[in-house]
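User: Please go through this model with me, taking the salt bridges, the sheet, the hairpin and the domains in turn.

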Amino acid sequence: MTKAELVAHIAQNTGVDKQTALKIVESFMDEVKLSLVKGDNVYLRGFGSFNVKQRAEKTARNISKNTTIIIPAHSIPVFKPSKAFTLKKK
């Protein structure tokens with residue numbers, strides 16, 4: 001599903017116009033991004049949580065040049081679905 005399809009479904013289900021639904025979706029995504037940049041986690045009960053995970057410094061290889069590269073420690077966003085959200089296999 002694309003963002004445009006999501007906006008269309010929200011607009012249809014709530015009865016608001018697509019421009020309002022687009023502002024709501026973009027505002028939600030902006031707030032999640034800002035919280036993660038600040039280092040705060042976002043918890044949505046019954047859906048899941050957006051967390052910040054710390055990656056340690058590591059050594060990698062550039063095979064084409066046969067050199068070693070050091071990748072510095074960094075943070076990445078991760079999503080962990082709630083137990084109610086997880087899909088069951090049939």
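Analyst: A salt bridge is a side-chain nitrogen of Lys or Arg within 4 Å of a carboxyl oxygen of Asp or Glu. This is a predicted model, where local features need pLDDT of at least 70 and side-chain atom pairs pLDDT 80 or more, while totals for chains, interfaces and linings use all residues. Residues are numbered from 1 along each chain as its sequence is written, and side-chain values use heavy atoms, without hydrogens or water.

User: Which residue forms a salt bridge with K3?

Analyst: By this rule the count comes to 1 salt bridge. K3 lies in helix 1 (residues 3-14) and its partner in helix 2, so the pair ties together parts that are 23 residues apart in sequence. Helices (H or I, at least four residues) and strands (E, at least two) are DSSP runs, numbered from the N terminus. The closest N and O atoms are 3.2 Å apart, and the partner is E26.

User: Which strands stand at the edges of the sheet?

Analyst: Two strands pair if DSSP finds at least two bridges between them. On that basis 3 strands form an open sheet in the order 1-2-5, with antiparallel pairing. Each edge strand has a single partner strand, so one side of each is left without a neighbour in the sheet; these are strand 1 (42-44) and strand 5 (74-81).

User: What angle does the direction of helix 2 make with that of strand 2?

Analyst: Helix 2 (residues 18-38) packs on the sheet and touches strand 1, strand 2 and strand 5, contact meaning heavy atoms within 4.5 Å. Axes are lines fitted to C-alpha atoms, for helices over the stretch in contact, and angles run from 0 to 180 degrees between N-to-C directions. For helix 2 and strand 2 the angle is about 35 degrees.

User: Which residue takes a positive phi in the hairpin of strand 3 and strand 4?

Analyst: Strand 3 (residues 58-62) and strand 4 (residues 67-71) run antiparallel, joined by 5 bridges. The hairpin has 4 residues between the strands, and the positive phi, near 55 degrees, belongs to N66.

User: What area is buried between domain 1 and domain 2?

Analyst: An automatic or database domain assignment sets the bounds, giving domain 1 (1-39) and domain 2 (41-85). Carbon and sulfur atoms give 84% of the total, which is about 490 Å².

Terms used. Buried area is the accessible area (1.4 Å probe) that two parts lose on being put together, summed over both.
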